Structure formats: C-alpha cells, structure tokens
Amino acid sequence: MNVTIIGGGPAGLMAAEAASAAGAQVDLYDGMASVGRKFLLAGKGGLNLTHSEITEKFLSRYGARRAQIAPLLASFGPVAVRAWARGLGIETFVGSSGRVFPTDLKAAPLLRAWLRRLRLAGVRFHMRHRWSGWDAQGALCFATPEGGRTVQSDAVVLALGGGSWPKLGSDAAWVPLLIARGVQIVPLQPANCGFNVGWTEHFRTKFAGQPVKSVAIVVRNAAGAESWHPGEFVITETGVEGGVIYAVSASLRDDILAKGTATLYLDLAPDRDVPRLTHDLSRPRGKRTMATHLQRQAHIEGVKAGLLREVVSKEGFVDPARLAASIKALPLRLVAPRPLEEAISTAGGVPFNALDERLMIRALPGLFCAGEMLDWEAPTGGYLLTACFASGRVAGAGAVTWLNKRGTRGAV
Ligand SMILES: Cc1cc2nc3c(=O)[nH]c(=O)nc-3n(C[C@H](O)[C@H](O)[C@H](O)COP(=O)(O)OP(=O)(O)OC[C@H]3O[C@@H](n4cnc5c(N)ncnc54)[C@H](O)[C@@H]3O)c2cc1C
C-alpha cells in the first residue's frame, strides 16, 4: 500500500509519519532541495511549537474555524505535540507568555531527528520534484531537474502550504490546479501580516525600523466593542508590523476588505490613565519645549512622541485633556495589508465543506489535504504549527484507512 505526500513542511512530514505508522510505504515529494524550510525559518524566532493555555482558550484562537479544527486537535493537541517532541529527544519549556518552545529554541535539531526517524521508518524522500498537476491518465506530474516525471498513486496527501514567503517553497501554485478539478478555493489572504499606513516622509526617514515598546492596541469591532492588546510592534518604511499588530491583523484585514480602511487606536502609555496624564500634562511648562514637557510629564519620547506628532494637529497639543486622550487612544488609519508574500501565514484555502472528516476532498476520492493550505487561520503563538501537525496526522492516517477500506470493497 503506497501513499504519496506532496509537500515536506510540518503538515506533510506529519502526514508521512502517520501514514507510515499505519503501515503504508510513503513517498514524499517536495519542490525544494530540502524539506521544512519554513519550519527552519520559524526556528529563527525560537520555534513556538504550541501553547500551554487551557483547551477552551486554545480552541478559541481558531475563531470561525474552531468547530473544524477542534476534532483535528482532539487526537494531537498541545500536550501531544510536547510528548512528540520529547520522543524525538527534544525537551520543551513554557515561556512566560504560556508559549511552548524547544529548550534550545532551535528548529534544526528537531527537524534532523524527525527526518532521521522518518527515513528509518522507510519514508522515501524525493527532492526537487515540483508538482504541476495531473496528466490525462490521472498520474501526478512533477518537474524535476532531469525533466518531467509522472507518478501513479491511489492515495495522495497534498500539504503544499499557503502563499507566504514563496521563496521557501510554498507559492500557492496549487490553487489553479485544484480549481481546475472543481474545488472552490477560498481566496488566499495575508494573515499575521503588517499594514500600510502611509507615513509622512519626515516620520518615515526618522523612525522606520524602530520598535514601539510598552504600548497597547485598542481595536473596536463593528458593534463598537473594544478589545485591548498589550505588546510591541515595529515601524516599517510603509507602516507597521510585528507582535501585537499580528495579533489583531485578521480583524483589521477584514475591515479594510469591507470598508477600504481600518483604524486601530494606540495606547502609548498603558500604565497611566487619562486623568493622571491630564493632571501631569497640566503642570506649568515654563520655558521648556513641548518635547521635554511630554517626556517629563508623560514619559512620551522618541518614536512615541513621533507618532503623536504624526497624527495630532498642533492645536491638539495645547489642551492637556485633549493631548492625554490622544496619548491613550491615538488613531492610526491603516490603508492596506502588506502583500501575502510578506505575511507570516495565509488565510483562505481549501474549504472544509469540500472535505470529509479525514480531510479527503469528497469530490476527488483518494486526494487528501493538510496544513496551511486548508481554509483556517490563527494568530501566532504556536497555534499554526499545532494545527498543521494535527491536520497532517489526520490526513496521513486517513489516506491509509481509505486505502484499506477500498481494498476490502474493491477499487472505486
Ligand atoms: C517567519 C515565520 C515564522 C513562523 N514562526 C512560527 C512559529 O514560531 N510557530 C508557529 O506555530 N508557526 C510559525 N510560522 C508558521 C508555520 O511555519 C507555518 O504555518 C507552517 O510551516 C505551515 O506548514 P505546512 O506544512 O502547511 O506548509 P509549509 O511549511 O509551507 O510547507 C509546504 C511544503 O510544500 C512544498 N511545496 C509547495 N508547493 C509545491 C509544489 N507545487 N510541488 C512540490 N512541493 C511543493 C514547499 O516546498 C514546502 O516544503 C512561521 C512562519 C513564518 C513565515
């Protein structure tokens, strides 16, 4: 019994592991010269494997796809991820934010151990095999350095990733291939992404590249309800990116899609309230400059002072109460998300209503999908890798179950 996996990211490797453990001969193909490129890149940020928060909270991170992701995580959730890493000789720890990392904060040792185990289990790797669809006989077509190659396979798991960071191998070229087979793909969009603001030349040249620390972002939803997100972010040439921006990026992106722009509110002094700021800023300024006054009375300086000047008019600095209100809720108008290629992850993809519970495309028996190419999204925090692992396992094991059932029923 042979299972073909296309895509050697975390989802594809996990599908290979599950299919192999269930008794299949597994052949894994990837367009790149080596597997797990994005996984290794994630290692540069410490490799946040999963999160230690309670199940209810963990599941809530998948938002509108919670109901579809929950059954996948039921058999391979955060606890299983940590046990799996330990099985590869990689201990993990829980950081102060509850995020889970390998003790050495590296992806390479884990990937090396994983590939060793997969090879020992008999998984065969075929690198530089770029999948380009099917031929008239239904065989899989690959472009290789030696020319075109076709492969016949009864059970195939596609784990081709989303469309971010295409130079690492996931360029979403699978989208038109599946559309041509009648699968309605939800358009891919950037997730965990930065945004364009359109800074003035003065602000851009002075502050691009600078981190904005100890701030909070207030986001107001359509119903007017506010959510408060402490953290930090970075000023870019075109706008904003990084930690706390990614955390709120899905709703901001959807707002821009619906209304053309989105506004977030920056709290530049999370440890002081408006009355305190108003009181302090009302102290006589004397001959001191406004910059010194702001720094002494409100601890607003550097890039924070720059942001204030970028948004608030000259008159807005005169009245302490008005200035205090601006410091606590500085409106930042976002005009566009940064392109998909720059995003951490991808929203959209193969819709769950096209899939059965084993992640097989119902209309294309024997073709399974896993990982980021499915239509779900989640913030950073280990939720992406956890769901990629879990969906890979379900699809890999599902392919074997399907082949076994087909064997007893006869070919379909
Ligand atoms: C900078 C960065 C940091 C990140 N950090 C974290 C983190 O700390 N924690 C976390 O949970 N997530 C993190 N992520 C996200 C996480 O890496 C991805 O969600 C995850 O790698 C997706 O896994 P996947 O297997 O679905 O796809 P991918 O990892 O993208 O793998 C897909 C594979 O398919 C191959 N492929 C694609 N098309 C073809 C084709 N036509 N033919 C053959 N092969 C093909 C690619 O070469 C690739 O090897 C990070 C992402 C980025 C960009």
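The buried residues of helix α14 are covered by elements that include β16, α11, α12 (290-298), α13 (302-311) and β17 (330-334), where contact means heavy atoms within 4.5 Å. This is a predicted model, in which local features need pLDDT of at least 70, side-chain atom pairs count only at pLDDT 80 or more, and totals for chains, interfaces and linings use all residues. Residues are numbered from 1 along each chain as its sequence is written, and side-chain values use heavy atoms, with hydrogens and water left out. Helices (H or I, at least four residues) and strands (E, at least two) are DSSP runs, numbered from the N terminus.

**Helix α14**
- In α14 (residues 320-328), the buried residues are L323, A324, S326, I327 and K328; buried means under 20% relative accessible area, exposed over 50%, and partly exposed in between (1.4 Å probe, protein chains only).
- The N-terminal end of α14 is capped by D319, with a side-chain oxygen 3.1 Å from the backbone nitrogen of A321.

**R272**
- R272 sits in the loop between β16 (262-267) and α11 (274-281).
- R272 has a relative accessible area of 9% and is therefore buried.
- Leaving aside residues up to four places away in sequence, R272 touches L277, D280, Q297, A298, H299 and K328.
- The side chains of R272 and H299 make a polar contact at 3.3 Å; such a contact is a pair of N or O atoms within 3.5 Å, and within protein one must be able to donate a hydrogen and the other to accept it, while residues adjacent in sequence count only if both atoms are side-chain atoms.

**Ligand**
- Around the ligand there are 30 residues, of which D30, W131, S170, E372 and L385 come nearest; a residue is near if one of its heavy atoms lies within 4 Å.
- The shell divides into 15 nonpolar, eleven polar and four charged residues. Ala, Val, Leu, Ile, Met, Phe, Trp, Tyr, Cys and Pro count as nonpolar, Asp, Glu, Lys and Arg as charged, and the others, Gly among them, as polar.
- A polar side-chain atom of S170 lies 2.5 Å from a ligand oxygen atom.
- For L385, a backbone N or O atom is 2.8 Å from an oxygen atom of the ligand.
- The protein buries 94% of the 1000 Å² that the ligand exposes when taken alone, by the Shrake-Rupley method with a 1.4 Å probe.

**Strand β19**
- In β19 (residues 345-349), five of its five residues are buried.
- β19 runs antiparallel to β11 (residues 186-191), and four bridges join them; strands pair if DSSP finds at least two bridges between them.
- S345 in β19 is the bridge partner of A191.
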